[in-house]
Amino acid sequence: MAKQEELVFGIHAVKALIENAPERFIELWLLKGREDDRLMPIINLAQKYGIPVQMANRKVLDDKTDGEQHQGVVARVKPGKTYTEADLDSILAAGESKGQAPFLLILDGVTDPHNLGACLRNADAAGVQAIIVPKDNAARLTATVRKVAVGAAESVPLVQVTNLSRTMKALQQMGVWIIGTAGETDNCLYGEKLSGPMALVMGAEGKGMRRLTRENCDQLVKLPMAGSVSSLNVSVATGICLFEIVRQRLNS
């Protein structure tokens, strides 16, 4: 497929994209014989915006998505906006105009697309304004990520930065407190004040944050682990940490 096009699949991902950017659609394929309650809203939206729809058998859709779980919905679309560090000022300014203190998620070395998709879903639910990732050694916004994110990829900007440490320092100069997660610290997540302008840093499973990333954090915290397992899946841990921040913000 040419670089000027992308595939998006999955009911929630396709529906969210039609609702947010119908002009990006080139064509839409639906599973032949399936016109149930879950697909009808997509069919109606496609008709509303004049998006060409083709019916296809399962093998055609499976081949298009390399066997991924497409839920009978596959779209060919124009690429969306790529966010960079240059967009952070406007993203934070938009939040401040709504009375929202900066709330960001930084993922350092998370390369699994399913984990990135789950983190996007967590971030959307928690009200995170953007996810920041390094351009290198990190999962990108793929069709699989969009499907796992069930629509959150259209509401939470994924900001790719060339130098994560430099971006963290720039955020600190803007008054954002950066909390990193690390198993070696004695500071428990639930004992720290987490209600101000904040960025949460999550490292890759097993490896954790890189040394420079850790050194640029203002504070390190950990989740209390009572069992024999030493760490949680990064998306699970991210959800726990984000919603502790949400809880404290609601009570502050």
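Predicted model: local features only at pLDDT ≥ 70, side-chain atom pairs only at ≥ 80, totals over all residues.
Residues are numbered from 1 along each chain as its sequence is written, and side-chain values use heavy atoms, with hydrogens and water left out.

Asp 108 sits in strand β6, which covers residues 103-108 (strands are DSSP runs of E, at least two residues, and helices are runs of H or I, at least four, numbered from the N terminus). The Asp 108 side chain makes a polar contact of 2.8 Å with that of Arg 210, and another of 2.9 Å with the side chain of Thr 213. A polar contact here is a pair of N or O atoms within 3.5 Å; within protein, one must be able to donate a hydrogen and the other to accept it, and residues adjacent in sequence count only if both atoms are side-chain atoms. Setting aside neighbours within four places in sequence, Asp 108 also has contacts (heavy atoms within 4.5 Å) that include Pro 134, Leu 164, Met 202 and Gly 208.

As for the whole protein chain, there are nine helices and eleven strands. Buried residues make up 50% of its 252 residues. Of the contacts with a separation of 6 or more, 81% come from residues 24 or more positions apart. Along its principal axes, the C-alpha trace spans about 55 × 45 × 35 Å.

Methods. Buried < 20%, exposed > 50% of the residue type's maximum accessible area, 1.4 Å probe, protein only.
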